[in-house]
Each structure stands twice: as structure tokens, then as C-alpha cells.
Amino acid sequence: MLSLKLAFKNLLGAGLRTWLNVLALSFAFVLIIFYNGMIDGWNRQAQRDTAAWETGEGQFWHPAYDKYDPFTIEDAHAPMSEDILKEVNNHTLAPVLVSQATAYPHGRAIGVTLRGIDPNQEVLELPSSKLPQSNRTDYAIIGKNMARSANLEAGDRLLLRWRDKNGTFDAREVEIAEVFRCDVPTVDNGQVYIAISTLQEMLAMENEATLLVAGEAFEMRELEGWDFKDNEFLLADLQQIIDSKKVGGSVLQGLLLIIALIAIFDTQVLSIFRRQKEIGTYIALGLTRAQVVGIFTLEGGAHSILAILLGSAYGIPLLLLLNRNGISMGYAEDMAFDIPLAEVIFPYYSLRLILITVLIVVITATIVSYLPARKISKMKPTDALKGKLQ
Amino acid sequence: MKMKTILISLLIASATVGLLAQDAKEILETVDLNMSSENRIFESDMVIHGRRSSRTITSISYSVGDKQSFTEYLAPAREQGTKMLKLENKLWIYSPSTDRTIQISGHMLRQSVMGSDLSYEDMMDDRKLTETYDATIAGHEDIGGRDTWVLDLKAIVDDVPYHSQKIWVDSERFVPLKQEMFAKSGQLLKRTTLSDVQKVQGRWFPMTMVYKDMLKDGQGTEFRLTSVKFDQEIPDYMFTKAALKQ
């Protein structure tokens with residue numbers, strides 16, 4: 001307790017030098033929490049959005065289907081059994097039929113993926129109910145990014161050309177019923193959604209689907225002839241991107257932390273050099289060398305406590321404000337990397353994140369304080385008392 | 001007496017239809033004889049008309065039947081050395097700038113070849129018309145001063161790219177001068193205009209073809225053959241992926 005009191009007294013006595021060190025360390029502390037909180041918030045939102053718009057509670061794939069291999073799409077379709085159709089009617093499974101096509105917006109040709117979805121599905125947030133069932137007109141819904149790249153808006157007509165299951169070309173005009181806004185690029189970019197019954201008829205694949213999206217109410221079990229893919233698998237790409245972002249961010253955080261720690265290290269070296277008489281006095285008063293090393297280490301380490309307190313003083317209101325209002329990222333116009341990115345990211349600060357950051361700051365500050373303090377154990381008390389350089 | 005007249009008229013009509021169908025088939029067979037061969041080597045200039053300018057791509061193609069084809073681009077410098085290999089229904093492209101061979105997938109097959117009105121898919125389908133279509137004569141028309149048979153073609157197999165076609169066949173040389181391809185829905189998808197018909201190794205062959213994707217804006221893509229050789233000896237190794245990097 002005496003050591004602690006002594007350490008804080010010495011620290012506060014050093015005045016501006018201490019506060020500059022504390023300020024630098026507190027910046028590192030707040031930045032680490034902010035950056036990781038933002039990444040965690042992005043991760044949570046991206047996972048939630050992807051599940052809501054695309055993956056549901058998992059998907060059942062046709063065994064031939066591989067979303068990374070466009071070669072598989074042609075053969076990846078199978079009829080839905082009675083059991084599956086019952087689940088579809090109960091809105092616990094949403095069937096999706098996938099095909100590739102060419103769209104001709106305003107006389108240009110662009111490759112698109114046609115996705116047949118059930119207009120009555122309730123599993124995904126896709127506004128499939130906007131697909132009116134009509135015998136005379138076929139309707140489609142597209143995402144905002146797709147609409148922008150193809151220069152289309154609701155009410156426009158879009159000519160589609162595709163090949164049926166035999167490879168024969170067919171072409172038809174569809175009317176854009178709705179342009180929806182979605183933060184998941186894989187749901188938006190190059191995707192055209194039409195009623196599954198229409199697509200089945202277009203491809204001559206009656207009652208067939210490529211994949212089935214499971215909803216919350218689906219009682220998880222195996223479906224014969226379909227391979228289940230859980231969200232861990234379906235969101236693995238996203239997780240890898242997030243992890244790599246964390247590694248990239250940690251370099252910046254590490255640099256900032258190192259700058260703050262170098263300042264503490266420097267202060268410690270200076271303290272031990274200038275306070276040799278004090279060190280000699282401690283030893284003369286009966287303190288062991290280890291105890292004196294402890295006092296100086298504690299003194300250096302106490303920078304981190306002050307930094308955490310200072311960081312909390314300005315960081316908590318700032319981070320809470322960001323958490324409440326979110327950080328505007330703008331609408332990801334290009335969605336070039338197929339990463340779900342919401343327009344506003346709300347950082348998420350977990351208790352684990354805060355505790356780990358506190359530990360990192362305290363432990364690293366203590367280590368850099370200890371390193372110069374080790375010199376004390378080699379000092380001769382008499383020379384130290386005289387203030388001789390050692 | 002009236003009944004007899006009707007019966008005779010019906011017999012004559014059905015015989016005429018049968019004869020016409022027979023004729024149409026014969027016309028198509030003669031067209032195939034002109035247009036198809038066991039193997040062939042083409043040198044061509046493909047003129048792609050863009051919005052602002054046109055560019056010409058020179059290439060040489062080696063084909064055997066309708067299953068194997070190898071194309072090497074010779075000019076311009078940017079495309080020089082790019083090679084394309086088609087085996088059955090698979091297509092690979094070798095790019096010298098990256099020294100990589102990539103297989104063109106289902107999605108990319110629908111993209112146009114170097115900005116032209118031809119997709120990779122179009123380049124891959126090269127079967128004989130008689131194998132895939134049933135023809136009927138729809139009439140006669142004059143195209144560029146030449147009399148043509150107008151044939152309506154309906155697919156007789158399932159796995160054919162175009163459900164129906166309409167072709168205008170030179171009635172003397174038995175070479176198509178115009179070809180329109182339709183979707184199942186009846187939508188006109190592509191139009192090909194063939195001209196500059198020359199006699200090559202005893203057969204009439206069009207040396208210039210203009211392909212037009214009717215769903216797309218633009219002037220179409222012109223395909224000018226500068227050299228055509230039929231029934232040549234083409235080594236087997238040419239149709240291997242290893243040949244792409246050579």
C-alpha cells in the first residue's frame with residue numbers, strides 16, 4: 001500500500017511529464033476500444049443482415065451446387081419433395097431456383113443471375129411479396145445497386161435472355177416491380193428476382209429448386225437429397241474478411257501503443273538516472289533492491305491506471321455517443337468487394353473487449369516500466385547515496 | 001363430283017407440301033455441304049463497331065468437326081498471342097500478358113467476345129443445320145440482286161440454342177445470305193448477313209458475315225475471312241490445353 005501511495009505521489013509530482021505520457025497512452029487505449037468496437041459492430045450487423053437477406057438459419061443446397069463455381073449452376077436443381085413443399089407452404093423453408101441469364105437494359109448486354117423466389121415466402125427479408133402474380137406480365141425485383149448499374153427503376157421493362165434446361169435460348173420482357181435497398185452485395189449485385197413459378201416455367205424445371213433457405217421456425221433435420229450448410233459455413237468469407245481487418249487494424253493500434261510505451265520507458269530511464277540518491281536512501285532505510293525495483297515498476301505501471309481513468313473520462317461519452325448515433329459509412333455505391341456494409345455502423349463494445357484492452361495497456365506499461373528499473377538491482381547503495389553515476 | 005374435286009385438291013395440296021418439305025430438306029443438305037466440312041482453317045478480320053470507333057481483330061482458327069476448335073489472335077498487339085480452345089462444350093482462354101489459362105464458365109460464356117456481338121456461346125455452337133432443324137419453304141425473296149429461298153427452320157432436337165430460324169438461301173449457290181435466330185418465345189435474337197460469296201475448293205462460301213445481336217444497340221460485328229482452307233491436316237496436339245501456352 002505504501003509503495004502504491006509512493007508511486008502515485010511521485011507520478012503526480014512529476015507534473016506535465018506524467019500527464020503527457022498518460023495522455024498518449026489514453027489515446028491508444030481509447031483507439032483500441034473504438035476500432036475493435038467498430039469492427040465488432042460491423043461484423044454483427046453484416047452477419048445479421050446476411051442471415052436476414054440471404055442465408056436465413058442455414059441453407060440446404062442441391063449436392064451439385066457450389067456458390068463459388070458458376071459451372072455447377074446448370075446442373076444444380078432438383079424437384080422438391082412433398083415434405084419440402086409442406087415446409088414451403090408453412091413458410092419455414094424458402095426455395096430458390098438459380099439460373100444465369102443476359103439482361104438487356106437500354107440496349108446493353110449484361111450478365112445477371114436469375115433467382116426464382118416464392119412471392120409468399122417469409123423466411124428472407126427480400127420484398128418478394130412485391131412480385132405480383134399475373135398471367136399477362138412477368139415482374140422482377142432488383143436491388144438498388146443493380147438498378148443503378150443497369151440504369152433501371154421501378155416500372156421499367158427489362159429484356160432477359162436465358163437458356164432453358166436443354167440449352168435453348170428464350171427471351172422475355174419483365175417489368176421491374178420494386179427496387180429494394182439492401183446492404184448485402186451478394187443479394188443485390190447482378191441479381192434479378194422473379195417468382196419461382198415463373199422461372200420454373202421459363203427453364204422447363206417444374207417444381208424444382210437449387211437451394212432451400214431455412215427459417216427460424218424450421219425444425220432442423222436432414223432433408224434427403226439436399227446438403228445442409230450452416231451459417232458458420234455460409235458466413236465464413238465474411239468472418240475471414242473481418243479477421244483480416246482486425247489484423248490490419250492491430251498494426252496501427254500497436255504502433256500507437258508502442259509510441260506511448262516508449263514515452264513511459266524514456267521517463268523511467270530518466271527517473272532512475274536522476275533519482276539515484278532517492279534509490280540509495282530507500283535501500284539505506286532497509287528496503288530490499290527488489291522492493292525498490294517494485295516501487296519504480298509500480299510507478300511506471302501506474303501510468304496505465306491514470307491513462308485508463310483519463311481515457312474513460314473522455315472516451316466513455318465519446319464512444320457512447322458514437323454507439324448511439326452510429327458512424328455513417330455512406331451508401332456503398334460500388335459494393336465492389338461483396339462485403340456487407342451498412343450505411344450506418346453502430347460500434348459494439350463488449351465487456352471482453354474492454355477487459356482485454358485494459359489488461360494489454362496495464363501489462364505492457366508495467367513491462368516497459370520494469371525493464372529500466374532492473375538497473376536498480378545492480379546499483380551500489382553507497383554510490384547511489386552519493387549520487388554517483390553508475 | 002364436288003367431293004371428288006375436293007379430294008383431288010387435298011391430294012395435290014398434301015403432295016405439294018410434301019414436295020416442298022422434301023425440297024427444303026434438300027436445300028438444307030446442300031447448304032450444309034457448302035458450309036460444313038470435316039476440318040477447316042480460317043484467317044479472319046473481326047471488325048467490332050463501338051460507339052465511337054471501330055477496331056479490327058485478326059485471328060486464325062483451326063476447327064475439326066463441331067467439337068474441336070483452336071483460335072489464335074494475331075493482331076492488334078494488345079490481343080496478340082491470346083488463344084482460345086474449344087473442346088466439346090468447354091472453352092479455355094490463354095492470355096499471354098498473365099501467362100494463364102482460364103476456363104470460361106457458364107456465366108462468362110454469355111459475355112461478348114472482345115466487345116463484339118458474338119458471345120463465347122455463339123462461337124461454340126457449330127452443328128449442321130440438317131442435324132438440328134426441320135425446314136419448310138416459306139417463299140422466295142430477292143437479296144442484293146440474288147434470288148433466295150426463304151426457309152423456316154424448326155428445331156427437331158431439344159439441345160439446340162435457337163428454337164427456330166429463318167434463313168434466306170441463294171437459290172443458285174445454296175449459301176445462306178441472311179439468317180435470323182429466334183427464341184422460344186418468338187423474339188428475334190440474332191441476325192446474320194452473309195455476303196461476298198466466293199468459290200473455295202469447289203464450294204461456294206460467304207467471305208463476309210455481319211452478326212447483329214438484335215437485343216443490343218450497335219451496328220453489329222463484321223467477320224471478314226481473308227483465307228479459307230478446307231480439309232487440311234491439323235495435328236491433334238493443337239486441340240490440347242498444352243498447345244495454348246506454346
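## Strand pairs, helix packing and domains

A:A103 has A:I110 as its bridge partner in strand 4 of chain A. Strands (E, at least two residues) and helices (H or I, at least four residues) are DSSP runs, numbered from the N terminus. Two strands pair if DSSP finds at least two bridges between them. The model is predicted: local features need pLDDT of at least 70 and side-chain atom pairs count only at pLDDT 80 or more, while totals for chains, interfaces and linings use all residues. Residues are numbered from 1 along each chain as its sequence is written, with chains lettered from A and ligands numbered from 1 in the order in which they are written.

**Strand pairs**

| Strands | Bridges | Sense |
|---|---|---|
| Strand 3 (residues 93-104) and strand 4 (residues 110-117) of chain A | Eight bridges | Antiparallel |
| Strand 4 and strand 8 (residues 191-195) of chain A | Five bridges | Parallel |
| Strand 7 (residues 133-143) and strand 8 (residues 146-155) of chain B | Ten bridges | Antiparallel |
| Strand 8 and strand 9 (residues 164-170) of chain B | Seven bridges | Antiparallel |

Strand 3 and strand 4 of chain A form a hairpin with five residues between the strands, and A:H106 in this hairpin takes a positive phi near 50 degrees. Strand 4 of chain A also pairs with strand 8 of chain A, where A:I117 stands opposite A:A195.

In chain B, the hairpin of strand 7 and strand 8 has two residues between the strands, and B:G144 in the turn has a positive phi of about 55 degrees. B:D142 stands opposite B:D147 in strand 8 of chain B.

**Backbone exceptions**

Most residues other than glycine have a negative phi, and most peptide bonds are trans. A:H91 is not a glycine, yet has a positive phi of about 60 degrees. A:H91 lies in the loop between helix 3 (82-89) and strand 3 of chain A. In chain B, the peptide bond that joins B:A75 and B:P76 is cis, with omega about 5 degrees. B:P76 belongs to the loop between strand 3 (68-75) and strand 4 (83-87) of chain B.

Axes are lines fitted to C-alpha atoms, for helices over the stretch in contact, and angles run from 0 to 180 degrees between N-to-C directions. Angles under 35 degrees count as roughly parallel, over 145 as roughly antiparallel, 65 to 115 as roughly perpendicular and the rest as oblique. A crossing is right-handed if the near helix is turned clockwise from the far one by less than a right angle, and left-handed if anticlockwise. Two residues are in contact if their C-beta atoms, placed from the backbone, lie within 7 Å. Ala, Val, Leu, Ile, Met, Phe, Trp, Tyr, Cys and Pro count as nonpolar, Asp, Glu, Lys and Arg as charged, and the others, Gly among them, as polar.

Helix 10 (residues 289-325) of chain A packs against helix 11 (residues 351-373) of chain A at about 150 degrees, and their axes are 8 Å apart. Helix 10 of chain A is therefore roughly antiparallel to helix 11 of chain A. Their crossing is right-handed. Contact residues include A:F296, A:G300 and A:H303 of helix 10 of chain A and A:V361, A:A365 and A:Y370 of helix 11 of chain A. By class, the residues of this contact are eleven nonpolar, seven polar and one charged.

Helix 2 (residues 16-55) of chain A also packs against helix 11 of chain A, at an angle of about 150 degrees and with the axes 10 Å apart. That angle makes helix 2 of chain A roughly antiparallel to helix 11 of chain A. This crossing is right-handed as well. Among the contact residues are A:F29, A:I33 and A:D40 of helix 2 of chain A and A:L353, A:V361 and A:A365 of helix 11 of chain A. The residues of this contact divide into eight nonpolar, three polar and one charged.

**Domains and chain contact**

Domain bounds come from an automatic or database domain assignment. For chain A, the assignment gives domain 1 (2-52 + 250-386) and domain 2 (59-229). Their centres, taken over C-alpha atoms, are 52 Å apart. Ten residues from domain 1 of chain A and nine residues from domain 2 of chain A make the contact.

For chain B, the assignment gives domain 1 (2-35 + 127-228) and domain 2 (55-126 + 232-244). Nine residues of domain 1 of chain B contact six residues of domain 2 of chain B. Strand 12 (residues 203-213) of chain B supplies the largest share of the domain 1 side, three residues.

Between the chains, 21 residues of chain B are in contact with 20 residues of chain A. The chain B side has six nonpolar, eight polar and seven charged residues.
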